[in-house]
There are 2 protein chains.
Amino acid sequence: MSEVSRRNLLTGAAVAAAMGPAMLAQPTPVMAAAPLAGNQSAGWYRYKVGTTEITVATDGRSVFKLPDTFVTNVPKDKVNEGLVAAHMEKDMMVIPYSPIAVNTGSKLVVIDTGTGEKNFETTKGTAGQFHSNLKASGIDRNNVDIVIISHFHGDHINGLLDANNAPAFANAEIMVPAAEWKYFMDDGEMSKQTSDRMKGVFANARRVFDALKRKVTPYEDGKEIAPGITSVASYGHTPGHTSHIISSGSSKVFVQADVTNNPALFARNPGWHAFFDQDGAVAEATRRKVYDMLVAEKMMVQGFHYPFPANAYIEKTASGYREVPVPWNPSI
Amino acid sequence: MSEVSRRNLLTGAAVAAAMGPAMLAQPTPVMAAAPLAGNQSAGWYRYKVGTTEITVATDGRSVFKLPDTFVTNVPKDKVNEGLVAAHMEKDMMVIPYSPIAVNTGSKLVVIDTGTGEKNFETTKGTAGQFHSNLKASGIDRNNVDIVIISHFHGDHINGLLDANNAPAFANAEIMVPAAEWKYFMDDGEMSKQTSDRMKGVFANARRVFDALKRKVTPYEDGKEIAPGITSVASYGHTPGHTSHIISSGSSKVFVQADVTNNPALFARNPGWHAFFDQDGAVAEATRRKVYDMLVAEKMMVQGFHYPFPANAYIEKTASGYREVPVPWNPSI
């Protein structure tokens, strides 16, 4: 009984009280002066690109049993080898979510919105954190001028709504890739879907955008869609999937969205097709093109599914690419 | 004038006011609904090793011009190549500081203490953050039961004192490596020193420990010095430099202290001798032995001079080792 947890101690005390004074003569158990804390810090981090301020606010992450066909063109054993090589747990998959806010000095912009406040309850706080972490960082979502969406998967658009299904960014213009809007809001395309998953993606896009009265601004690729923020088509993951380059002065960061999922698997093995890449071959070609560019230009990447704070450089390896996290700066 | 920074706007308004009412009819400049934030999150992060809770609370970092002889056995050009290879700035060195608190359930332990509260003012907040970040994490330093010191360099011991040079951990037992105490508190050893830097290390150790009335508990290596915390001699950086293994259940982490400095240079190039390695050859032998063990046992390392949160796995490379940060867990 020399080391007991606080909980054990309390139980012990309750038992002792019930059994009468004689039991209280036991030696005092050793315990830490402070109980275990059990909480995590608010997951936000700020860095500058030129004079532009980028705030990464994690939405949390999902941890789930590795599906047999998680990578469509590689056997599960090989995926497990990749997990172990990356110091991850076998047969389990981890997918972090890292939306960002961008203050250019003239506009406060959010890029992608996480899995939504409702998901915070559903997941007991392991995901759906974006809105609370954004608030913890000092950013009032009512001050957001523009929300830019990269593509229409739920982990990117569900946070457009609050827990009551009302617009979460009440005063913001919502900008969506024109190609994504055209494809997913087309009832003809929806009627062609055969898989439950794809039917769900179409239905969820309608749920979210209908709640916004479909009041969005479609944007083309290759345009400066907000001050210093340029859209870059990176199709494959979805038909209109779009990345963004944020630039200020001579500095740049490539906000990739889902060019790769978790880089520990999909940057290191760029030929692997995750089952949620709608067109695996096109997604792979995009991935290789983008990552070759990041290596050649030594450009930082901000990756939606990278571990928080999701900011890295990319190196070429014998078999693919490797993410090298940008060191945390303890004072901006 | 469609996009101006807030500063420009204020200047413009001042100019307009000076020039009279006619100028005020200018169109309203566009600006972000929210000003730039300019602050960083409190740098703390929590993870578990078995049932033990580890809280990393960054002390900040130092950024300085690369000294010509920063690495004593490698020319500066080669060090610069190493910096560039690690995506760091040429001719500049960055040294982060990451002390930790460990709650074993029966004891609340701090391992190393950072550059001290006084350094917060000296560095305008870029270092000396440990005490404020520990507090932000919910840990009251008055509840700390034990402070374990790895070695007697200022960035590890100065935080034993508060801003008024009083004991910062008022209720804690202060444990120091017996070999380090014997060496640095020996006036004969002090009298042999010829360099200003080494004279300074001896004098600073006296300053700090005299303020504590030299009330410390020397500990030997290879012992369980607190519940689940074992001392491991890792001499070379200093004559009594000691690392620690924290274990709980089947989980372990190797708290290395200064077996390497910033791993981007000194894990990747284990043969490089940083000028503050008191015995470069012994420090290198220790480094290789420890890192080979970390690779073989796939053991996590917690590195005092690693970028926050300073928790990584180690891989062997053709020329040395490589740190692979453990992904951030957004909910403990």
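This is a predicted model: local features need pLDDT of at least 70, side-chain atom pairs count only at pLDDT 80 or more; totals for chains, interfaces and linings use all residues.
1. A strand pairing in chain B. Ser248(B) faces Ser251(B), a residue of strand 13 of chain B. Strand 12, residues 242–248, and strand 13, residues 251–257, of chain B are antiparallel partners. Their pairing runs over 5 bridges.

2. Chain B has an open sheet of 7 strands. The order is 10-11-12-13-14-15-16, and the pairing is mixed. Strand 10 (224–226) and strand 16 (321–325) are the edge strands in chain B, each pairing on one side only. From one strand to the next, the twist averages 40 degrees.

3. The helix on the chain B sheet. Helix 10 of chain B covers residues 280–297. This helix lies across strand 13, strand 14 (300–303), strand 15 (311–316) and strand 16 of chain B. Helix 10 runs at about 95 degrees to strand 15 of chain B.

4. The sheet in chain A. Here too there is an open sheet of 7 strands, with order 10-11-12-13-14-15-16 and mixed pairing. The twist averages 40 degrees from one strand to the next. A parallel pairing joins strand 13 (residues 251–257) and strand 14 (residues 300–303) of chain A over 4 bridges. Within it, Val253(A) stands opposite Met300(A) of strand 14 of chain A. Helix 10 (residues 280–297) of chain A packs on the sheet. It touches strand 13, strand 14, strand 15 (311–316) and strand 16 of chain A, and its direction makes about 95 degrees with that of strand 15 of chain A.

5. Glu323(A) sits in strand 16 (residues 321–325) of chain A. Is Glu323(A) buried or exposed? Glu323(A) is buried, because 25 other C-beta atoms lie within 10 Å, and 20 or more are enough for that label. Beyond its neighbours within four places in sequence, Glu323(A) contacts Pro263(A), Ala267(A), Tyr306(A), Ala312(A) and Ile314(A). Ala267(A) is 56 residues from Glu323(A) in sequence, yet the two C-alpha atoms are 7.2 Å apart.

6. The core. Nonpolar side chains tend to be buried together in soluble globular proteins. The largest nonpolar core in this model has 143 residues. Which of them touch the most other members? They are Val109(A), Val147(A), Val109(B) and Val147(B). Setting aside residues up to four places away in sequence, Val109(B) touches Ala101(B), Val102(B), Thr104(B), Asp145(B), Ile146(B), Ile148(B), Ala226(B) and Ile229(B).

7. How the chains are related.

8. The contact between the chains. 53 residues of chain B are in contact with 51 residues of chain A. On the side of chain B that touches chain A, strand 1 (44–49), strand 3 (60–65), strand 4 (92–97) and strand 16 each supply at least two residues. Strand 1 of chain B gives the most, with 3 residues. By class, that side of chain B has 25 nonpolar, 20 polar and 8 charged residues.

Note on methods: Residues are numbered from 1 along each chain as its sequence is written. Chains are lettered from A and ligands numbered from 1 in the order in which they are written. Two strands pair if DSSP finds at least two bridges between them. Axes are lines fitted to C-alpha atoms, for helices over the stretch in contact, and angles run from 0 to 180 degrees between N-to-C directions. Two residues are in contact if their C-beta atoms, placed from the backbone, lie within 7 Å. A nonpolar core is a set of buried Ala, Val, Leu, Ile, Met, Phe, Trp, Tyr and Cys residues joined through C-beta atoms within 7 Å. A residue is buried if 20 or more other C-beta atoms lie within 10 Å of its own, exposed if 12 or fewer, and partly exposed in between; C-beta atoms are placed from the backbone. Ala, Val, Leu, Ile, Met, Phe, Trp, Tyr, Cys and Pro count as nonpolar, Asp, Glu, Lys and Arg as charged, and the others, Gly among them, as polar.
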